[in-house]
Amino acid sequence: MDAQKCFHCGLDIVKLERIEFDTKDFCCNGCKTVYEIFSLNDMTCYYDFEKSPGATPLDIKGKYDFLDNESIVSKLLEFQEDATAIVSLNIPHIHCSSCIWILENLQRLQKGINSSQVNFPEKKVRITFNPKIVSLKTIVNLISSIGYEPYISLENYETKKSTIDRSLTYKLGVAFFCFGNIMLLSFPEYFEVSEYWLDHYRGFFRWLIFALSVPSFFYSASGYYVSAYKSIKSGMLNIDIPIALGIVIFFIRSTFDIVMNYGSGFFDSLTGLIFFMLLGKMFQIKTYSFLSFERDFKSYFPIAITKINSNNSEESVPIYDIQKGDRLVIRNQELIPVDGILISEKTEIDYSFVTGEAIPITKKSGDKVFAGGKQMGKIIEMEVLQSVSQSYLTQLWSNAIFQKNVEQHHKTITDKISRYFTPILLLIAFAGFGYWIFIDANIAFNVFTAVLIVACPCALALTAPFTFGNVLRILGKQKFYLKNAIVIEQLAKVDTIVFDKTGTITTNKKSNITYEGKPLSEENCIAIKNVLRASNHPLSRMLYDFLLEANRLNVMDYEEIVGKGIQAKIDGDFIQIGSASFLGKLEENSIQQTAVHIMINEVYLGKYIFNNQYREGLVSLFNNLKANYQIKILSGDNEGERSTLEAMLPKGVELIFNQKPEQKLEFIKKLQEEGKNVMMVGDGLNDAGALAQSNVGVSISENVNVFSPACDAILDASEFEKLGYFLRLSKKSISVIKMSFALSLLYNVVGLSFAITGNLSPIIAAIIMPLSTVTIVSFVTLMSNFYSKKLKFKNF
Amino acid sequence: MSVIYLLIPISIVLAIGFFIAFIRAVKSGQYDDDYTPSVRMLFDDELIQSNVKKPKAESQENQ
């Protein structure tokens, strides 16, 4: 029975009683219900596209009641008119073709839905519906009930429909159109023979080519002029200056050639250059649209919360409307949006979003509760102390680092090289001009422009985009998602790595559990496991998973005392499991460790201690990194783990404990002031400041689809040990670029030798330009692929 | 041979026609999502088949 998998969601079936429908087995009633819905509506081909594609629907009772509030709904809708409304919902579970199929057939499940369209890369579904027949709340409840719970957060409330920037696609289209047609029309000129036919139609062809090059020159290449102008204005020499200069000279010289009837100009090479450079740009822009690198607290926070009015009625209000003194109702699993004081007697709050700490904290009536915590107990009431924007957590975002739109405050490798390239190029051009002017003014002018044209850093400009674009893809395949290509360069420069502790080098998923105390008999273990089965407390779940499989026993008088522990009777034995204070062992509380104590029939037996479970490969990773990097660990926790870490990790790793979020940020800042290039690896919102401040902020995520603070890169937690490999690959990609720069300089030398001697004919330009482009692009692609493979073998 | 004055413009006009088609395709968002349509086109048969069966479109979940 254990080996069986649920037909709907694919999880192992563990329950004793069999849940069956249509001769198919399910792991729980939730999955069965979803199957029933589908089979009733003739939609079982959902299961044909992918095996066990579903997710167990979670209990969402009342969670979306705020969708009754008209003003909130209208903020969420993309479009609203009498009988048509459009909403875009973010659904993290979308992962296969079955998902697309079921979500695009919603109209068969619910009247009033006109159509729905899935955007798979963004994990979004866009639903058009008739608000007169069906409400948004009904739709959200429907898709939640079939296992596709949408993710609605405060972020949705604020962002207006973002317009997609398609200008690069247009520019590329225009450039290709011009390039292709000009190439065709240029052909006769390549075979320059004095023929009657060619002489006769030459003018017509040339002017047509000229006309075709105009849109490419003025529209497609416009980005380079703007960038060049900006960089001159700010006094920085970037690669776009020689490019823009080259393109303009190219165009003027070619036009001049045609007008004066000197030759056919270089329009084919010009448009080809523009096209390939735009193609490189396009190649570099690899976006992981389902990931968000700009998340702040807003994507964690709910959109609305239940408020108790003075007349004791409950009402859903947008959380921006919450004021000091309001009384709020927080249900189980809901997030606390503001700082406040607990009114209800007792609860447990899980601060894992904020601190990365997996174990909930108990709060009593009158205690302060902070925004960002998740309520784990029964329904509670609280009084608001601070509005959303002034709460402890959200204040982190008022730090300057989040305010300024982080401009590129570093020079890219191409820019650095072009700083030497541009002056040298101009020098050669003027030298050539100066030499020829004494011999022939006409040739002097030709040489001057030819130098600028042929040396136009076509190859230089193509190198970085194609290398980085390729590396970006290689890393993305290995679940290391970078925000953009610049991050690769930053990675290569890193010399100091700062790790957060909880959630980053430790894993939240499983704890390392040890037992201390009187030995437990087998019966005792079975009894404990059975009592734990009913509890939803994270510690109970962990301990339950830790204990060996056991038969199911009858549990009597089960009781869960929030914040203390659980107790029950099994076969007449009275079993109590919980905190030290629950079992009357107060002196234990002082020790800084997480433990669950066991008492059977009023006899204290011992405790299970939950140690931090460090990620696999942590020690070897640190040993690898130690040679080349300074490593520091920055933790918000107390010093309880210091000795363990010191014993485990290589010497020289600095450990700093008790750091508040702002202190983490300051710590990074201080390192940077010492001239260090810092990479911060963190997870929770408490690292958000440090991630933003660091040169490269890497966010570790157990599930990349949800929850990661603003950062430069997102690393799937399962690939943590590969961090060293990623760093080495980024370094190698920089050397690939350098190699290819050398290669393109070689081309430039060849081209320049033609240009400076006044021999640059259109046919030579037409050969050199594409040849250099093709070799450079294939060289960098092959080399970066080669290194990604080679380094991998070395690592494993 | 002066027919070339006619032929070349015709070919250019034809190319411009395709170019306009491209612009319109971009504008209508066809290039925004390049994955989902490739999956969606595989469903069409399924849809027709089940439409024939006339599904009873009743809402299952009313809370």
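**Figure 1. Chain B in the predicted model.** From the N terminus on, the order of elements in chain B is α-α-α. Its secondary structure amounts to three helices and zero strands. The chain has 63 residues, and 2% of them count as buried. This view, like the others, shows a predicted model.

Figure 2. Strand 27 covers residues 696–701 of chain A, and six of its six residues are buried, so the strand is largely enclosed by the rest of the structure. In a regular strand, side chains alternate between the two faces of the sheet. On one side of strand 27 of chain A are Val696(A), Val698(A) and Ile700(A), and on the other are Gly697(A), Ser699(A) and Ser701(A); all are buried, and both faces are covered. Strand 26 of chain A (residues 678–682) runs parallel to strand 27 of chain A and is joined to it by four bridges. Within this pairing, Met679(A) has Val696(A) as its bridge partner. Strand 28 of chain A (residues 713–716) also pairs with strand 27 of chain A in the parallel sense, over four bridges. Here Ile700(A) stands opposite Leu715(A).

**Figure 3. The largest nonpolar core.** In soluble globular proteins, nonpolar side chains tend to be buried together. The largest nonpolar core in this model has 111 residues, and those touching the most other members include Ile247(A), Ile274(A), Val451(A) and Val454(A), along with Met680(A), Val698(A) and Ala713(A). Helix 25 of chain A (residues 723–756) contributes the most to this core, with twelve residues. Domain 3 (167–286 + 413–467 + 731–795) and domain 5 (476–506 + 615–727) of chain A both supply residues to the core, so it lies between them.

Figure 4. Which residues is Ile274(A) in contact with, leaving aside its neighbours within four places in sequence? They are Ala175(A), Ser216(A), Ser220(A), Ala221(A) and Ile247(A). A second, separate core has 60 residues, among them Tyr35(A), Val87(A), Ile91(A) and Leu154(A).

**Figure 5. A span of chain A annotated in UniProt.** An unreviewed UniProt entry places the feature "domain: HMA" at residues 85–151 of chain A. The end C-alpha atoms of this span lie 19 Å apart.

**Figure 6. Two loop residues with positive phi.** Lys479(A) sits in the loop between helix 16 (458–477) and strand 16 (480–482) of chain A. Its phi is near 65 degrees, a positive value in a residue other than glycine. Lys479(A) is partly exposed because 15 other C-beta atoms lie within 10 Å. Asn658(A) is in the loop between strand 25 (654–656) and helix 23 (661–673) of chain A. Asn658(A) is not a glycine either, yet its phi is positive, at about 55 degrees. With 10 other C-beta atoms within 10 Å, Asn658(A) is exposed.

**Figure 7. Ser234(A) in a loop between two helices.** The loop that holds Ser234(A) lies between helix 9 (222–233) and helix 10 (240–259) of chain A. Is Ser234(A) buried or exposed? Ser234(A) has 9 C-beta neighbours inside 10 Å and therefore counts as exposed. Ser234(A) and Lys731(A) are 497 residues apart along the chain, and their C-alpha atoms are separated by 29 Å.

Definitions and conventions:
Residues are numbered from 1 along each chain as its sequence is written. Chains are lettered from A and ligands numbered from 1 in the order in which they are written. This is a predicted model: local features need pLDDT of at least 70, side-chain atom pairs count only at pLDDT 80 or more; totals for chains, interfaces and linings use all residues. UniProt positions are given in the numbering used here, feature names are shortened, and annotations may be inferred rather than shown by experiment. A residue is buried if 20 or more other C-beta atoms lie within 10 Å of its own, exposed if 12 or fewer, and partly exposed in between; C-beta atoms are placed from the backbone. A nonpolar core is a set of buried Ala, Val, Leu, Ile, Met, Phe, Trp, Tyr and Cys residues joined through C-beta atoms within 7 Å. Domain bounds come from an automatic or database domain assignment. Two residues are in contact if their C-beta atoms, placed from the backbone, lie within 7 Å. Two strands pair if DSSP finds at least two bridges between them.
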